[in-house]
Amino acid sequence: METVRLTTAQALIKFLNQQYVHIDGDEFPFVEGIFNIFGHGNVLGFGQALEQDPGHLKIIQGKNEQGMAHAAIAYSKQMLRKKIYAVTTSSGPGSANLVTAAGTALANNIPVLLLPADTYATRQPDPVLQQVEQEHSIAITTNDALKPLSRYWDRITRPEQLMSSLIRAFEVMTDPAKAGPATVCISQDVEGEAFDYDVKFFEKRVHYIDRKLPTERELNGATELIKASKKPLIVVGGGVKYSEARESLIEFSERYNIPLVETQAGKSAVESSFINNLGGLGITGTQAANKAALQADLIIGVGTRFTDFATASKTLFNFETTKFLNINVSRMQAYKLDAFPVVADARTTFEALIPMLEGYTSEFGDLITELKEEWLIERDRLSKVTFNRENFDPEIKNHFSQEKLNEYADALNTELAQTTALLAINDTIEPDSIIICAAGSLPGDLQRLWHSEVPNTYHLEYGYSCMGYEVSGTLGLKLADPTKEVYTIVGDGSFLMLHSEFITAIQYNKKINVLLFDNSGYGCINNLQMDSGNGSFNCEFRTDDNQIMNIDYAKVAEGYGAKAYRANTVEELKTALEDAKNQDRSTLIEMKVLPKTMTDGYDGSWWNLGFPEVSNQEGVQKTFELKQQKLKNAKQY
Ligand SMILES: Cc1ncc(C[n+]2csc(CCOP(=O)(O)OP(=O)(O)O)c2C)c(N)n1
Ligand SMILES: O=C1C[C@@H](O)[C@H](O)[C@@H](O)C1=O
Ligand SMILES: [Mg+2]
């Protein structure tokens, strides 16, 4: 056997350089690069290996482990899971910082290779700096916290274990049904240990991402269900994007007059202006989509996980009469809601179904166009919301008095409404720009209001809705598509939680644009608590003496080296956006927006929460009673 003597870390880097994917006839390297923050746990093993020979891997120094992993996740998601970045961290706190990001990748089914260092395999020394020392087992390290959040997890304590481990990790990451985070923890001493590796291990390895075909039985069953239905409705999930099923889905929908509604992950698979696209579904959905869902007698879920918040899947539909047909590469997802499962690729399934439905047409008739037109009037209204100091009626009603809203207008020196600002942005930036968001009130506004006219330009992380993904993720977008303008849509709360990769973007001259909506508080959670009958408790950003905080985020951005703007009117905003577009460096536009000016829910948008069963507040009591009512018709599982 021909062998080559390498350290474990050198072998790992050599292997990463030889992984390719093959999709629809195209073949290209799977691993684009590696993010790193070096500590004592990885600087000598990984650091040395990367310095000696990185191959084609791009090396990017991160600023926070969670942030750089978020950037890697966004890269992979934007690349439709065809390419990844790896992420290496030191042991202990460095790897602990990966936990939130691993959860984000897992919830969204995004492949990313996490490579945290681990404690010494030799236990010399023990305990090492940053080792937690769990009393009941010396074998437990911080990295065990990543186990429940990884789709594949392994600990390498001997150099030769690397081979079988990496083959498994890549098999998982390149499987459309299982794609998610693969975590390979390497003991920090083992990173530097040498072994005579079989040279065959380093030969070019091609991972074929084939399209899983539906069976005849599945196609016949699906055809029967659709033909028997009067008003079928397609729920477009993220799987539609990953399967690149846009054209076949449009043909299917047009030919049989079947409306589409979108999840956050599925939005921008098909352009918003497509005649049968009724927009977002669920709690954060449009009036049009939710009205159509209330009437539907067959829900065709395509590549969707049916998370309750994004689709209102447990309460919106009529479970007595509505049937479900799920098309999904994941058997687990296809089984949901007692659906007829088609465990197959979305594009191939539509291509096969189109000729089988010849002669069919839904009974939606002109209703699709009518619902869409009605919604566009509502959207237009939301683009023109203007504040006044006497009798302003915000979208989120009966929470803050006029006096309190005026207090905000004075403290933040603004009269700008969130929906007005958001739609001004939608009107001004180039249609092929990519926007990203993850948490707060903005995802709801975006799912309802944002019009995406170019495929794959709407990037929402709403599987985990992880605050802090927004700015970090924008760096991932820019790495995925360097020619496009990329925009973070982010609330002040999320910005404060994590924006360290803004600096990485500036450092590597990857231009990103941060659009910061500052309403001085955790706005959507404040809405939730007040909607549920509580007071405004600890969600506003106020000082000890009850003053609204007015933070100069533009100054913070300037301090990092970004070009910053303050825009508190639509005119200032449009001017700033135009100027930002022409900049070579990263930008931040700070907008002070009034609380309670985000969108509210429409028909059917209720979700089950932990409403208190007893309380001394009448409003809280009422929401609990409403819950009891709602649960009567909700799907129990
Ligand atoms: C890491 C993380 N922690 C907590 C939450 C819960 N959470 C969701 S939205 C939110 C507040 C968001 O505030 P902000 O970004 O200012 O947006 P706004 O709702 O004010 O528009 C919180 C605390 C979360 N989604 N992610
Ligand atoms: O709890 C939450 C409520 C949602 O409104 C918000 O968008 C999301 O980030 C969240 O975590
Ligand atoms: Mg806020």
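Notes on a predicted model

Pro 127 lies in the loop between strand 7 and strand 8. The model is predicted.

Me: What is the peptide bond from Asp 126 to Pro 127, cis or trans?
Reply: The bond is cis, and its omega is near 0°.

Me: Which bond at Pro 125 is cis, and where is Pro 125 placed?
Reply: The cis bond is the one joining Gln 124 and Pro 125, with omega about 10°. Pro 125 is in the loop between strand 7 (112–118) and strand 8 (152–156).

Me: Why is Thr 284 called buried?
Reply: Buried means under 20% relative accessible area. Thr 284 has a relative accessible area of 5%, so Thr 284 is buried. Its place is in the loop between strand 14 (277–280) and helix 10 (287–295).

Me: What makes the pair Thr 284 and Gln 447 a polar contact?
Reply: A polar contact needs N or O atoms within 3.5 Å. The side chains of Thr 284 and Gln 447 are joined by one of 2.3 Å.

Me: Which residues is Thr 284 in contact with, leaving aside its neighbours within four places in sequence?
Reply: They are Gln 264, Phe 309, Gly 444, Gln 447 and Arg 448.

Me: Why is helix 3 called roughly parallel to helix 5?
Reply: The axes of helix 3 (residues 65–78) and helix 5 (residues 99–108) are 8 Å apart and pack at an angle of about 20°. Angles under 35 degrees count as roughly parallel, and therefore helix 3 is roughly parallel to helix 5.

Me: Which residues make the contact?
Reply: Helix 3 supplies Gln 66, Ala 69, His 70, Ile 73 and Lys 77, while helix 5 supplies Thr 100, Ala 101, Thr 104, Ala 105 and Asn 108. By class, the contact of helix 3 with helix 5 has four nonpolar, five polar and one charged residues.

Me: What is the hand of the crossing of helix 3 and helix 5, left or right?
Reply: Helix 3 passes helix 5 in a right-handed crossing.

Me: How do you know that Leu 80 is buried?
Reply: The cut-off for buried is under 20% relative accessible area. Leu 80 is at 15% relative accessibility and therefore counts as buried. Leu 80 is found in the loop between helix 3 and strand 6 (84–89).

Key
Residues numbered from 1 in each chain as written. Chains lettered and ligands numbered in written order. Predicted model: local features only at pLDDT ≥ 70, side-chain atom pairs only at ≥ 80, totals over all residues. Heavy atoms only, no water. Helix = DSSP H or I, 4+ residues; strand = E, 2+ residues; numbered from the N terminus. Buried < 20%, exposed > 50% of the residue type's maximum accessible area, 1.4 Å probe, protein only. Polar contact = N/O pair within 3.5 Å; in protein donor to acceptor, adjacent residues only side chain to side chain. Contact = heavy atoms within 4.5 Å. Axes fitted to C-alpha atoms, helices over the stretch in contact; angles between N-to-C directions. Parallel < 35°, antiparallel > 145°, perpendicular 65-115°, else oblique. Left-handed = near helix turned anticlockwise from the far one by under 90°. Nonpolar A, V, L, I, M, F, W, Y, C, P; charged D, E, K, R; others polar.
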